[in-house]
Amino acid sequence: MSSDAQHCSFVLVADFDIDRGAQLTYQFPQPLGLDEGILANLMLPDGAERQPADWTVFFLNQTPFNTIKPILALENDDAEDTEVEGPKMLYVINLVRTKLDKTVRRGATVKAMAICTRYPFVQIFKPVLLLALDDYFMNPSQDCLARLFDAVNAMDFANMPVLSRWEKIILRNTERQDVLLGRYDDLAPGSDPTTATQATTAFHPALPGHRPTNSADSRVSFDDAMRAGKGLPPKNGSDHPKAAGSARSQASPSEASFSLDGSAVWVGDESGLDQMGFVQNAASASSTSVSTGGTRGRRSVDASSSSSHGTYGNTPSFGGAASAALKDSHFFHTAINYNEHLLPVKVPLGTFPGEVGEGSLTMLCTTFSQHITTISGPQHPHLHTNGTLTPPVIVLFNALITGKRIIFLGHHKLAENVSNHVLAACALGSGCGIILRGFIKRAFPYATLINRDEWENVPGYIAGVTNPIFEAAGSWDLLCDIGTNRMVVHKDIFANHPALWTPAANSLISRAGTIKAEQLLGEDDAVRGPTKDGGATQKPEFTGRPDSTDNVFIEDILSAIAAHYSEAHVRAKFAEYALRFVHVASRYEEDALGTTAIGYPTAAYAERAPNERPRLGSGPFFADDGAAGKELAANAGRIEAWRRTECYKLFQEDFTYTMSIKPIAAFDLSHQLARLRYARSISDREAEAIFRSLSENLNSYDQVTELLSWLPPHLHGLQPLSFGLFHQSEVVRELTVDLFNQLREHPIGVQYLQALNHFQRYAYVRQAHARELHGRDSNALTIPATSYMSRTPSNRSVSSLTSG
């Protein structure tokens, strides 16, 4: 194998012969060792001759029947790692085109060309495939494949930034086009080349010197870069001198703009700042503050603060990579030079391995909206978590996580259509690749009759087909017809998947708020549907509630889609939904088994001796025991089924791994933020303990990004923390100012501060300015001493007053 095979591993070409059918014509640079008939039929879908063009996606090294033989490892593959974990997944993007030609027997020529790559973002290769296949139609020779292979592998990824798991989540959750812009400067001219090389190879498994990681890896959903080791540069010291105290205005912050390290946190009217839309780029955001109302502008409280991840000074200077990124920092901008055509390429930086191709959750929710979708077949506790009123998308989600066999049927539809629905379903079940995994390994975006016996033997397969014969065959548990907007639950689903939990247990959980292990049904107690001979049945049907959590969630999603919210917003919502499911499952295990291996143990906030720090709470957050009982009751059926799947075992491994690499590991961060968001009341001591813990554990860039990844814009960003600025305890207010000061040391923190509303930002600026006037050195970020019993009402606080 050529050492240049970095981005493209193989190029394939198939032709349709009227006498012999689909034929694999070329494999470049060498044969894959697979059944050529299987490859050809995957590349030439049913009915391809009736369509001018179509796309398919399929995978290699996924199961024994489509594993390359012999294993053709690339130079940077680790042989020992391959032996233990199996060969790495290859993602294949395929284009098939039909051209009318009266000189041939059927009046048309059908050819297909495919690129095999290790990157899940296969959509970036579509433009070059279009040109290459046109080239092949004009000159059908292996030279076309060689040109394509060389052109793709010459694509420059050298300056692509590596992002940690937390940075990826931040990037996905915001539509600011300048977010994390400083990460491009890490690889700009003048940066440490060793660090840059480490950062690049940590993200790109196909680049030399790094072991690739695919969806079979137990840690892949927690970011390849984090597994290989972080390539982030050390935090540099500041080169900016402190602003002289004599140069600072004594005017009220309400009368002048306020600049923090040159990046505007308070710049008067910032109507253009929108946390879910495009905002001004970093250069304009970092302009010098202009005073208003005739008063003199004020310099930063800490004019010396800076970050190694990009500096937002008064005169920003960006490297070549960063300048290119100003187009949109969500993507790395590069190009493919094919046949003297320079094709721009936008590589998405926030992709997780559970997301392949262009599957759209917006499209999936629209296709199977409860307003147009009909669901037929028996009700099953694994699928119908709200009885007859369970939304179709939730039925699909439940089928995915509980390992049911799922078919997407698109009769007379493009293969691309069914492929995208399968890929979207994988994103749905995995929480967009962030929470769960194992779905891509059992997904067949386009499946054929040729190898039907092989893929139907994969447990819990997710397949896309265009031939209606699959519906009649009945080798599925849930059929999703994208042409007629219907879902069908197989009539024998109880025989194939006995229910180990019944809705009758709802009353047990609802009354007690907990569930005991002895109340669960064993294998011999499985509830089964009607027998074929008409015998006795225990059919666990129950009516649902229109105001259930799932129904309200889906209505919210459909409303967002109707209001033209972006795909990124919809994906963020579903990632949050999958995370909540995992949290509830953790609590369920605790109540049923006494312990859990997939989450923090449940513990309430506890006071201790006056001279000791209180113990913070942990575990899933519930408003009260009644709410916990209802949510456990609604989820118990699908949790029991999920706990028996491979997906559950993978998540156990992932949770153990992420606990070992978490930057903030001293306490349950998500629980504290949930308390700040949703708790009906929090004592002063608990509020102080939360803010103190956050302040003490926010000392590095990684810790900052982990915190911000839990504060997405669709959940109002820093708003839960901003409440501390208005707390009756002076200590809490001081701790909040310290927390925000630490955030503003980093450009990403400044952007989050900018997303606060004017009232919240003014409260921060006012209190930070008051601290400055009282001679405190904010650069030291001093955390106030513990004073649990000392309280100063907010209307009496010296720090809450503005000096004029």
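## Close-up views of a predicted model

**View 1. Leu676 sits in helix H22 (residues 669-678).** Helices here are DSSP runs of H or I with at least four residues, strands are runs of E with at least two, and both are numbered from the N terminus. This is a predicted model, in which local features need pLDDT of at least 70, side-chain atom pairs count only at pLDDT 80 or more, and totals for chains, interfaces and linings use all residues. Residues are numbered from 1 along each chain as its sequence is written, and side-chain values use heavy atoms, with hydrogens and water left out.

Is Leu676 buried or exposed? Leu676 is buried, because its relative accessible area is 13%; buried means under 20%, exposed over 50%, and partly exposed in between (1.4 Å probe, protein chains only). Leaving aside neighbours within four places in sequence, Leu676 is in contact with Ile682, Ile690, Phe691, Pro720, Leu721 and Phe723, where contact means heavy atoms within 4.5 Å. Take Pro720: Leu676 and Pro720 are 44 residues apart in sequence, yet 5.6 Å apart in space, C-alpha to C-alpha.

**View 2. Leu721 and the largest nonpolar core.** A nonpolar core is a set of buried Ala, Val, Leu, Ile, Met, Phe, Trp, Tyr and Cys residues joined through side-chain atoms within 4.5 Å. Helix H19 (residues 567-593) gives the core its largest share, 11 residues. Once neighbours within four places in sequence are set aside, the contacts of Leu721 include Leu673, Leu676, Phe691, Leu694 and Leu707. Another core lies apart, with 14 residues, among them Phe65, Phe444, Ala463 and Phe470.

**View 3. An open sheet of 5 strands with antiparallel pairing.** The strand order is S2-S1-S5-S4-S3, and two strands count as paired if DSSP finds at least two bridges between them. Which strands are at the edges? They are strand S2 (21-28) and strand S3 (53-60), each pairing on one side only. Neighbouring strands of the sheet are turned by 20 degrees against each other on average, direction ignored. Helix H1 (residues 36-43) packs on the sheet, touching strand S1 (10-17), S2, S3, S4 and S5, and the direction of H1 makes about 105 degrees with that of S2. For these angles, axes are lines fitted to C-alpha atoms, for helices over the stretch in contact, and angles run from 0 to 180 degrees between N-to-C directions.

View 4. S1 is largely enclosed by the rest of the structure, because 6 of its 8 residues are buried. S1 joins antiparallel S2 through 7 bridges, and Phe16 has Ala22 as its bridge partner in S2. S1 also pairs with S5 in the antiparallel sense, over 6 bridges. What is the bridge partner of Ala14 in S5? The partner is Ala112. Ala112 in S5 is also the bridge partner of Val96. Strand S4 (residues 90-100) and strand S5 (residues 108-117) run antiparallel and are joined by 10 bridges.

**View 5. Helix H3 (residues 126-138), end to end.** The 13 residues of H3 should span 18 Å at 1.5 Å a residue, and the end C-alpha atoms are 19 Å apart, which agrees. The expected span is 1.5 Å times one less than the number of residues. Buried residues of H3 include Val128, Leu129, Ala132, Leu133, Tyr136 and Phe137.
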